[in-house]
Amino acid sequence: VARALRNYTTFLQVVIREFLPGSLICHGDLVFNHPAPTSLEVLEALVLSVGPTQALAGSDIQVDPYSFAVGDDTLDPPVPQPGFPAHGVAFMVVGGLCIITAPVLLVFLGTRRLGWQDETALWDRGDPEVGIQTLEMNNLGFW
C-alpha cells in the first residue's frame with residue numbers, strides 16, 4: 001500500500017489495525033500530513049496501482065481492485081451490458097444466407113430442368129430444301 005501511495009508527498013505511513021478471516025482482509029489507517037488527499041483520490045491511486053496481473057503496486061500480492069474501500073468510497077464493478085451473444089449473430093447470418101441462397105438455387109435448377117435439355121424431339125427429318133437436319137418440338141405452334 002505504501003508503494004502504491006508513494007507519489008503523495010504528504011503520505012507518512014500505513015497502520016494495519018486488524019486482519020479479518022479470509023485470504024487477506026485487513027483494516028487500517030493511512031496517515032498523511034496536511035493537506036491530505038481526499039478518500040476518493042486515495043482510492044483511485046490504489047486502484048490504478050493494480051497491474052494487469054492483479055498484483056498490487058508491482059508486488060506479488062494479488063488483489064481485487066473492486067475490494068478496496070477508503071472511508072465510505074468504494075469502486076463499483078462494471079455492470080455487464082445486455083447484448084446479443086456472438087453465436088446468436090453467427091446463426092442469424094448463416095440463416096439469412098440460407099434464406100437468400102435457397103430461392104436462387106431453386107430458380108436456377110428449375111430453369112435448367114424446364115429448359116432446352118428436357119425438350120424432346122418428336123422426330124428428326126431432313127429438309128430437302130436446306131439440306132440440314134431440323135428438330136420439331138412438342139410445341140404445336142411449330143406444326
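**Close-up views of a predicted model**

The structure holds one salt bridge (a side-chain nitrogen of Lys or Arg within 4 Å of a carboxyl oxygen of Asp or Glu). This is a predicted model, where local features need pLDDT of at least 70, side-chain atom pairs count only at pLDDT 80 or more, and totals for chains, interfaces and linings use all residues. Residues are numbered from 1 along each chain as its sequence is written, and side-chain values use heavy atoms, with hydrogens and water left out.

**View 1. Asp 29 and Arg 17 form a salt bridge.** Their closest N and O atoms are 3.3 Å apart. Asp 29 lies in strand β2 (residues 25–32) and Arg 17 in strand β1 (residues 11–20), so the pair ties together parts 12 residues apart in sequence. Strands (E, at least two residues) and helices (H or I, at least four) are DSSP runs, numbered from the N terminus. Side chains of opposite charge can pair when their charged atoms come close. Arg 17 is exposed, at 54% relative accessible area. Asp 29 is partly exposed, at 35%. Here buried means under 20% relative accessible area, exposed over 50%, and partly exposed in between (1.4 Å probe, protein chains only).

**View 2. Residues 89–109 carry a UniProt annotation.** The unreviewed entry places a "transmembrane region" here. UniProt positions follow the numbering used here, feature names are shortened, and annotations may be inferred rather than shown by experiment. In the model, the span is 100% helix and 0% strand. Its end C-alpha atoms lie 30 Å apart.

**View 3. Phe 84, Val 89, Met 92, Val 93 and Leu 97 make a nonpolar surface patch.** The patch covers about 520 Å². Patches are made of residues with over 30% relative accessible area and no salt bridge; like charges are joined within 9 Å, nonpolar side chains (Val, Leu, Ile, Met, Phe, Trp, Tyr) within 5 Å. Accessible areas come from the Shrake-Rupley method with a 1.4 Å probe; for residues, only the protein chains shown count as cover. Leu 97 sits in helix α2 (residues 86–114). Leu 97 is exposed, at 52% relative accessibility.

**View 4. Ser 59 lies in the loop between α1 (39–48) and β3 (69–70).** Is Ser 59 buried or exposed? Ser 59 is buried, with a relative accessible area of 19%. Its side chain reaches the backbone nitrogen of Ile 61 at 3.2 Å.

**View 5. The structure holds zero disulfides (pairs of cysteine sulfur atoms within 2.5 Å).** Cys 26 is partly exposed, at 35% relative accessible area. Cys 98 is partly exposed, at 47%.

Key:
Polar contact = N/O pair within 3.5 Å; in protein donor to acceptor, adjacent residues only side chain to side chain.
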